[in-house]
Amino acid sequence: MSLLLFVFDSILLLTLLGLATAAVLSPEPRNAVMLFIAFGLWLSLVWARLGAPDVALAEAAIGAGIGGALMLAAARRSARRDNRRDNRRDNRRDNRRDVSCQDAQ
Amino acid sequence: MNRDLSLLIGILVSLLALLLIWIFYTTLAADPGPRLAPLALEQLPNSGVSHPVTAVLLNYRAYDTLLELAVLLAAILGIWSLGPAPSGFQPAGPALTVLANWIVPLAIITGGYLLWVGGHAPGGAFQAGALLGSAGVILRLAGHERAGLPNEAAQRWLVVAGVGLFLLVGLLLAVFGAGFLTYPKASAKWLILLIETAATIAIGSTLAAAYVGGRPPLAQSTSAASKDLGA
Amino acid sequence: MSQLLSWTALLPGAILLSSLIPGALIFLLKEESHILRSLLNMAGAIIKLILVAVLIWGVYLGGVFETRITIAPGLDLVLHADALSVLFVTLSTVLWLVTTIYAIGYLEHSPNRSRFFGFFSLCVSATVGIALAGNLLTFVIFYEILTLATYPLVAHRGTPDATRGAKIYLAYTMAGGVALLIGAVWLRSLTGPVDFVERGVLSAMPASLHPQLIAIFLFLLVGLGVKAALFPLHGWLPQSMVAPAPVSSLLHAVAVVKAGAFGIVRVVYDVYGVEFASELGLLTILGVMASITIVYGSVMALTQDGLKKRLAYSTVSQVSYIALGASILGPIATIGGMVHLVHQGIMKITLFFCAGNYAETLGVHKVSQMDGVGRRMPWTTMAFTVGALGMIGIPPIAGFVSKWYLGLGAVDAGQYWVLVILAASTLLNAGYFLPILYKAWFRDPPDEWPKEHLFGGRFETMGALLWPPVITAALCLIAGLLAAAPFSPLEWATLIARREYAP
Amino acid sequence: MTAAFLYGAAGLLLFALGLWSLLVHEPLLRKLIAFNIMGSGVFHLFIAVAHRSDGSSPDPVPHALVLTGIVVAVSATALALALNSRLEEADAKASSSKTTPSGAPEPNTTARTGLPKPSSNGANRLRWPSR
Amino acid sequence: MISNSLVLPIALPLLGALLVVALPRKMPILGALAALATTGSGLWVTAQTWLQADLGVVLGGWGLPLGIGLAADGLSAAFLAMSSLVGLGTSIYAIGYFAGSERCNHFWPLWFLLWASLNGVFLAADLFNLYVMLELLGLSAAALGALTGSRAAVEANLRYLLVGLLGSITYLLGVALLYAGYGTLDIGLLSERIQPSPLAAGALVLMVVGLALKAALFPMHFWLPPAHANAPAPVSAVLSALVVKTAFYLILRLWLDLFPAELSNAAAAFVLGVLGAGAVLWGSWRALRAERLKLLAAYSTVAQIGYLFLFFPLIQATPAGIARDDLIAACVLMALTHGFAKAGFFLAAGLVQQKAGHDRIDALGGTAQSMPATTFSIALAGSALIGLPPSGSFIAKWVMMRGAFEAGQWWWLIIISTGTLLAAAYIFRVLSRAFGQEPTPQCFLTDARAEIPALLLAFASVALLGLAAGPVWSLLGFQGAPA
């Protein structure tokens, strides 16, 4: 096994594992999905290297593409729900403050 | 998730990984044999297609692909059974609309090309279907309520087309031909192409409908000009 | 399948079905179709009586009657009629007919009668199944079905304490069922399919297995002892007196309790063989438990004010006479035990019928309320007296015959302590029956009864309630007086004993 | 140290990483990412096994299997996301309808299962019932 | 023609699903027709296997290593018959249950996909094909379970979907390792090539753990009770009676056919036995304390699955011969009886819930007494679940206890006895409600179309399998011990 090929393979795999670990560890959902899409694309690259072009194409199109899009939409929807609930909690806290100061007068 | 429990699970899982890697090592050391490759390539001439993966996918293990389309159907039926689609995204700004006008037809043409090229080069129903699906996603992002899909009744036929045609071909061959999904050598190529076209349309519409994420509004509300998929 | 067509193979099955099919049909009947329901009941009872008569004649002539169904390879459902099973089948069939008449009268306006009579027929089918069982598997199957079928009857009234009584009944019988199952499977794994054969199957087993056989006997004894109401396992019987009178009379005096005693007799005589059992010392265990139960039952009966509770404890002690008879090595004691199976049945059912009459007609539930009951209801109390005296063992009535043979058997086997037990229990019986009789006949009745219910008509209560106890009381007298007649219970018991002991 | 083994080992490591994350992280989206990574790991193993270092064309059968696997994985993810959005809708409706200012969803039942106790952050917590 | 008959039990429900999706207006008629056709084809395959020899076909005509094989031997024919009959009963029940409600046009397509995958798993002979079938099963079952749309149902089924996916992926990893090592995916070929090696052991552990997760074996059962209790009645009947059985069937298939005896050794069997024992005790205990009827039935499923796994150490300890055949046949008999009984129990529980509006056990008195046919089918099904004599599970327990004695592993008896007593406790806790003082029901059947299927299914588990269990032995090709 030529040294150059081995170095290339190991870089390829290390990046792959790095992307996967990053996708798994990031707490913020949207970042995680972005990293997951990157992981999917990189994985299709690795599979192209292993001589599986149509599987690579499928992974890029379906795995990273459609799967990623679905997750991104879900992440955005839940994020939107969070800040809708946060500002609902804020304005509820505001009018509670108004009520309290009215009693105070 | 307190720290030490996740650490403990981490250690256990990494032990499992090392064990699996050792097993994998002993397996490869034993006989890195060619497995089914020579047999599949030798049967290629009378499978009706020249690309080995498409031959395996649509001829040798056609039954798997039929079931996999059924899995897709199950997923979309599950999504539809959960209720109406959540509200769509806000209508797209000018840049996205222009982009969509270019990208969507391009994706559809590439999908068609991929479908055709699958017979002799990497490509085929799934990749083509994925592209059509992504065209639907882009339309949905650009504000189109039903991601370019027709009304509810038509969507039901679209989603069912892939498995339906595949099954009908299989049953007809079972009754008249040599057996369930046993293509006669002469017409194998055309049968496979027919099945792949239906599968592409089905996969495309299913993925787009999945992205919409809910039951399409009933027939009477087709007010918006339904830009059909092929436009 | 051809052997099934010969009528000797069909008869046992037909006897079983003659109560199973009417039962199934009754379940589906509408509540208000009373006539059809009573018709079905009576038809089933009469057909069964005729079939049993034919069976008695066939077995007396030495014919072999066996229905064998293979429910799974290696597991056969066998209905085999031998002398012992005929004794129990006759008893349960005759008394089922009488009790059906009584039940139809007793439950005149009560709710859920389709359900009641459905399960009632199911119970009798299970009892007949137990009687006719040809191997241990069939016995266990029908033994458990009996539990299933009697639970709804005990809980029939739906009152909280009925449900509680049923729950206790279920706990005991389920635990007993599991113990019996373990014993039966253990035996099956040691010896292969266990068919009931006169003089027992296990005598040829190698000595190394003897400790296991003793352990198996203990498991079987616990399983059967629950239903036979042996001392520590009898708790359910007094509690299930909440059931309506026909249930407590037929089931808790005849069917369920006898199933346990009959099972003990089967195991001792037809599985182990009585000689082999005494060799292993099993008879002494059985004898001790039976004796304790006899004395304990009688002592507890003294303290009970409720009439049905007192009769229940008396049943606990009387049933153990059968076990006592089985535990004494010798044909005469065996005859005593066997014949008591029948006599105790007829006597106890008379007493429960009368108790039911008092409750239904006068609202009398407690012994203390029974002053002057004789004057108000002379016929019923006359029947009660015959039953009570029989229980004590006064000569002309059937009870005396079985106690006499038990005593003779004990003397013959040299076990004199049994005489002490018999004497003590006779005194205790007198202790709790004579005061009732004295109160009933010689005290003057209260000015008005707790809940009097005038039925009109010439007699003291409804015909259907009055005649059954009178008939069974007459049976007690006939069984006592004509003991030596050809087809009397005593003669039949001698026939069984002759076949059980090696010539 | 053939290429097949190197890639196969990477596949197994991906599987382990996904398994760890699935067991440890509570929000559904992270569980789905973990599940997809596990799936990719197994598919990667298939492709590594199919690859033949002596330059001849790789074995097409695992490629077809992986194609089917990818589509199955996506459909499962789509269904899971749809179920989860219904769950969030129900939670959002429940918390907005509550008049109490706290608005916090009802206390979680501690999960005594092998799976961890739900963490505090993130809206779409998946409560594991007490067994 | 014989080879095609194997495909019909899978193709017909799939066709039914397509028709029902495409033509939603004529849903009930199409549903009934497709259900009858599927049942007919399933029973036709069982009859062929029983009368003639085992069936086998390789689809596509490419011969074994390349093509996918379908096989129907005694074991799969028995389970296929169960899935056909329970499926038919549930379909008839569902026509009434979903009549008029808008949810019904979502039930039928998913139900037929589920039915196709059930028959597919029982007939498959290719490991990767089994993976796709298990996925189809998991997805359609999760989607069906969430049909009620309530929050609890959606959450329970989301968890069920995730656990199912984890199980399938682990199973797939096992398949990948086997393919890496032996180069084929067909069970028949693999069983010839496989030798005891770390690879085979690793693959066995992975596949069995994956399938045990889907079969809700004891420590991994937490997802089952909420998923089965919150699903609509016909769905929970199918989930408990059939879906959980497929995973058990696969473990039994791998244990008996695929993996050599050295691998499926005493230690592995003992682990399965202990987990089964845990399931029996924990499931029964939780069932006893469940407040809701359907939750009780779900925990009872966990317990009954435990009984099935108790068979493994016994089968492993008994040398090949009549005794071992009896144990395998008894294991299949218990699986079938539980299938029929649990389906009958859930259908009846669904009726009670529909009539009473809730299914809290303590407040069920009035309803139970007013519907004698439903309570009777609960009683019949309950006696089969406990294992009381007239039922098939009594015969299975009898053979199992005999096997335990002969194998000298008497400790399983304690588990079986405790399990039986606990089962009696929780079943009669429900039945005692039917003996209250409510008004007497006027006639036996209150709603014939719904009650007849439940009654027949429960009756089948008691009388049919209880008094005529011989066909199970002959179907599996065992001639059984002499009487």
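This is a predicted model: local features need pLDDT of at least 70, side-chain atom pairs count only at pLDDT 80 or more; totals for chains, interfaces and linings use all residues.
Mentor: Before we read any count, take one definition: two residues are in contact if their C-beta atoms, placed from the backbone, lie within 7 Å. Residues are numbered from 1 along each chain as its sequence is written, and chains are lettered from A and ligands numbered from 1 in the order in which they are written.

Trainee: With that in hand, what share of the contacts in chain C with a separation of 6 or more comes from residues 24 or more positions apart?

Mentor: In chain C, residues 24 or more positions apart account for 80% of the contacts whose separation is 6 or more. Chain E gives a figure of 80% as well, again for residues at least 24 apart among contacts between residues at least 6 apart in sequence.

Trainee: How many helices and strands are there in chain C?

Mentor: Helices (H or I, at least four residues) and strands (E, at least two) are DSSP runs, numbered from the N terminus. By that count chain C has 20 helices and 2 strands. Its radius of gyration is 22 Å, close to the 23 Å of the globule rule for 503 residues, so chain C is as compact as a globular protein of that length. The radius is taken over C-alpha atoms, and the rule is 2.2 Å times the number of residues to the power 0.38. Along the principal axes, the C-alpha trace of chain C spans about 70 × 55 × 45 Å.

Trainee: And what do the corresponding values for chain E look like?

Mentor: Chain E has 19 helices and 2 strands. A compact globule of 483 residues would have a radius of gyration near 23 Å, and the 21 Å of chain E agrees with that. Its C-alpha atoms fill a box of roughly 65 × 55 × 45 Å along the principal axes.

Trainee: What percentage of the residues of chain E count as buried?

Mentor: A residue is buried if 20 or more other C-beta atoms lie within 10 Å of its own, exposed if 12 or fewer, and partly exposed in between. Of the 483 residues of chain E, 70% count as buried, and in chain C the buried residues make up 60% of the 503.

Trainee: Which chains share the most contacts?

Mentor: Of the 6 pairs of chains in contact, it is chains B and E that share the most. There, 44 residues of chain B are in contact with 43 residues of chain E. On the side of chain B that touches chain E, the elements giving two or more residues are α1 (3–30), α2 (37–42), α3 (52–60), α4 (62–81) and α7 (152–175) of chain B. The most comes from α4(B), with 14 residues. By class, that side of chain B has 27 nonpolar, 12 polar and 5 charged residues; here Ala, Val, Leu, Ile, Met, Phe, Trp, Tyr, Cys and Pro count as nonpolar, Asp, Glu, Lys and Arg as charged, and the others, Gly among them, as polar.

Trainee: How far apart are the closest C-alpha atoms of chain A and chain C?

Mentor: They lie 52 Å apart, and no contact joins chain A and chain C. No contact joins chain A and chain E either, although their closest C-alpha atoms lie 15 Å apart.

Trainee: How should I read two helices that pack together, and at what angle do α12 and α16 of chain E meet?

Mentor: Axes are lines fitted to C-alpha atoms, for helices over the stretch in contact, and angles run from 0 to 180 degrees between N-to-C directions. In chain E, helix α12 (residues 293–317) and helix α16 (residues 392–407) pack at about 45°, with their axes 10 Å apart. That angle makes α12(E) oblique to α16(E), since angles under 35 degrees count as roughly parallel, over 145 as roughly antiparallel, 65 to 115 as roughly perpendicular and the rest as oblique. The contact is made by E:Leu310, E:Phe311, E:Leu314 and E:Ala317 of α12(E), together with E:Met400, E:Gly403, E:Ala404 and E:Ala407 of α16(E). These residues divide into 7 nonpolar, 1 polar and no charged.

Trainee: Where in chain B is B:Leu181 placed?

Mentor: B:Leu181 sits in the loop between α7 and α8 (188–212) of chain B, and its phi is near 60°, a positive value in a residue other than glycine. B:Leu181 is buried, with 28 other C-beta atoms within 10 Å. Phi is likewise positive, near 55°, in C:Asn112, which lies in the loop between α4 (83–106) and α5 (113–132) of chain C.
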